[in-house]
2 protein chains.
Amino acid sequence: MNFQIHTDHSKCGDCPIRHRAVCAHCDQDELEALEEIKYYRSFEAGQTIIWSGDQMSFVGSMVSGIASLTQTMEDGRTQMVGLLLPSDFVGRPGRDFAPYDVVATTDIVMCCFRKKPFEDLMARTPHIAQRLLQMTLDELDAAREWMLVLGRKTAREKIASLLSIIARRDASLTKGGMSGPMVFDLPLTREAMADYLGLTLETVSRQISALKRDGVILLEGKRHVTIPDMGRLMEEAGDDTDGGFLV
Amino acid sequence: MNFQIHTDHSKCGDCPIRHRAVCAHCDQDELEALEEIKYYRSFEAGQTIIWSGDQMSFVGSMVSGIASLTQTMEDGRTQMVGLLLPSDFVGRPGRDFAPYDVVATTDIVMCCFRKKPFEDLMARTPHIAQRLLQMTLDELDAAREWMLVLGRKTAREKIASLLSIIARRDASLTKGGMSGPMVFDLPLTREAMADYLGLTLETVSRQISALKRDGVILLEGKRHVTIPDMGRLMEEAGDDTDGGFLV
DNA sequence: CGGATGCCTTGACCGAGATCAAGTGGATGA
DNA sequence: TCATCCACTTGATCTCGGTCAAGGCATCCG
């Protein structure tokens, strides 16, 4: 498994995920303690970062890029159970073996900590444990939201749900505006979307074509999406149009 | 909403969930602080304990009985997103509004704390926060396990998965043996099972009949289940037969 | 330049599970 | 005792999404 140690971003103060990651609540002292033990690793698109069942020797935060958590049955059926974005935490303090595969969807940079030193630090640093609890609760909410999508939504609603999540996330990470048309690139292949949504890639393709035909989305090439009317998309997703955006 | 204050179980030391709930890691002092602010509430089967969107004024632990977390779309489609069993934690410190309906499936007793005092206590008591983090991580794992079931399993596999989960949980709560035939009562109606599995109640009924016809399960009445061969059931569920039982 | 590969689209057909409908059996209550 | 109700079962039919198959289009590499 090839990886490199990066030396950029070496100051936590300059880190792009400083205020969203596990370290978000840390004060200067705590940040310095983290700086002591952290190191950067890069992975290329397609690489498996962690294999299900492997010993987990490190934990860390996504700095840039996208990775996915997936579960696979013996016969090959696979379900994505999480999408890891910048600032998301990878790994689980207090557990030795990885329950899922973690695969790099794009090129990735992670800020890593060897597990044991991190656990020790966490025991002494309530700010880290508190932040991790918050983040875990948010992930649990996201997982449960997704259970509704998987269990009860139609293929068209599933696609619309995924697009609206990506769009919202993109808006919150970059410019921040939710008004007016939203423009972004799909970070996932059709197959990855299918694995996320419990569909086949053919159905994903058909439903994207249908949403395009119906003017709900505009497509340039296969990945570049424009959403002229976010409210319309959310109706298609079967979500409340009104509900305040929590993310 | 009718409820009663119970005075039994008033000593935490005697509490049946003492070593599994949020208070599991507490020492004697901490337990006394909890005892100060706790109170018991009962709910009858069918009662809604918390409505989605409501202000959450309390958090608490399930002492006995079963409740479900459900999400509902405007058109009535509903998906269960969690099953609350004795020792499970209800509510979310740091959040004001309930994201899901919590409904009593059977008669229930909960050990409650008003949210604010509990949050204050948690800030001062790392043992509680640590335990809550552990429990939340476990729930996240369970939710992700369930995403595989919802997204990729067939109706028959879904039913087998649910039965094996209930059987395993029952074994871990009561006698503890996983060898030999397992016997238990289904705590859910066919409709609740359907809501859990993303199916219709007719399909649930048909698949249960099929598993019975094929000798995978034995049924006495509509709820009393005997599983002659747990390995067989797990094969039907599409799970690894070998994998160590984590729960 | 031409073949291979990866990602995507589209069509034809099929089947698992949803929908609609009727009926069973046990519990409750007048 | 009979009517009602509820949870459940079973059958007939329909439909959404899966499966199988072919082809398009960009990129890479010999």
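The model is predicted: local features need pLDDT of at least 70, side-chain atom pairs count only at pLDDT 80 or more, and totals for chains, interfaces and linings use all residues. Residues are numbered from 1 along each chain as its sequence is written, chains are lettered from A and ligands numbered from 1 in the order in which they are written, and side-chain values use heavy atoms, with hydrogens and water left out.

Start in chain A. Strands (E, at least two residues) and helices (H or I, at least four) are DSSP runs, numbered from the N terminus. Strand 2 of chain A spans residues 38-43, and five of its six residues are buried, so the rest of the structure largely encloses it. Buried means under 20% relative accessible area (1.4 Å probe, protein chains only). Strand 2 of chain A pairs with strand 9 (residues 108-114) of chain A, antiparallel, over six bridges. Two strands pair if DSSP finds at least two bridges between them. Within strand 9 of chain A, Val109(A) stands opposite Ser42(A).

Now chain B. Here three strands form an open antiparallel sheet in the order 9-11-10. Strand 9 (182-185) and strand 10 (218-220) of chain B are the edges, each pairing on one side only. Neighbouring strands of this sheet are turned by 20° against each other on average, direction ignored. Axes are lines fitted to C-alpha atoms, for helices over the stretch in contact, and angles run from 0 to 180 degrees between N-to-C directions. Strand 10 of chain B meets strand 11 (residues 224-227) of chain B over three antiparallel bridges. Leu219(B) has Val225(B) as its bridge partner there.

Next, the cores. A nonpolar core is a set of buried Ala, Val, Leu, Ile, Met, Phe, Trp, Tyr and Cys residues joined through side-chain atoms within 4.5 Å. The largest has 115 residues, and Ile49(A) and Ile49(B) have the most contacts inside it. A second, separate core of 48 residues includes Cys26(A), Leu132(A), Tyr40(B) and Leu137(B).

Finally, the DNA. Around DNA strand D lie 17 residues, with Ala155(A), Thr203(A), Arg206(A), Arg190(B) and Ser205(B) the closest. A residue counts as near if one of its heavy atoms lies within 4 Å. Helix 6 of chain B gives the largest share of this surface, five residues. A phosphate oxygen of DNA strand D is 2.7 Å from a polar backbone atom of Ala155(A). Another contact involves a side-chain N or O atom of Arg223(B), 2.9 Å from a phosphate oxygen of DNA strand D.

Note on methods: Buried means under 20% relative accessible area, exposed over 50%, partly exposed in between (1.4 Å probe, protein chains only). A polar contact is a pair of N or O atoms within 3.5 Å; within protein, one must be able to donate a hydrogen and the other to accept it, and residues adjacent in sequence count only if both atoms are side-chain atoms.
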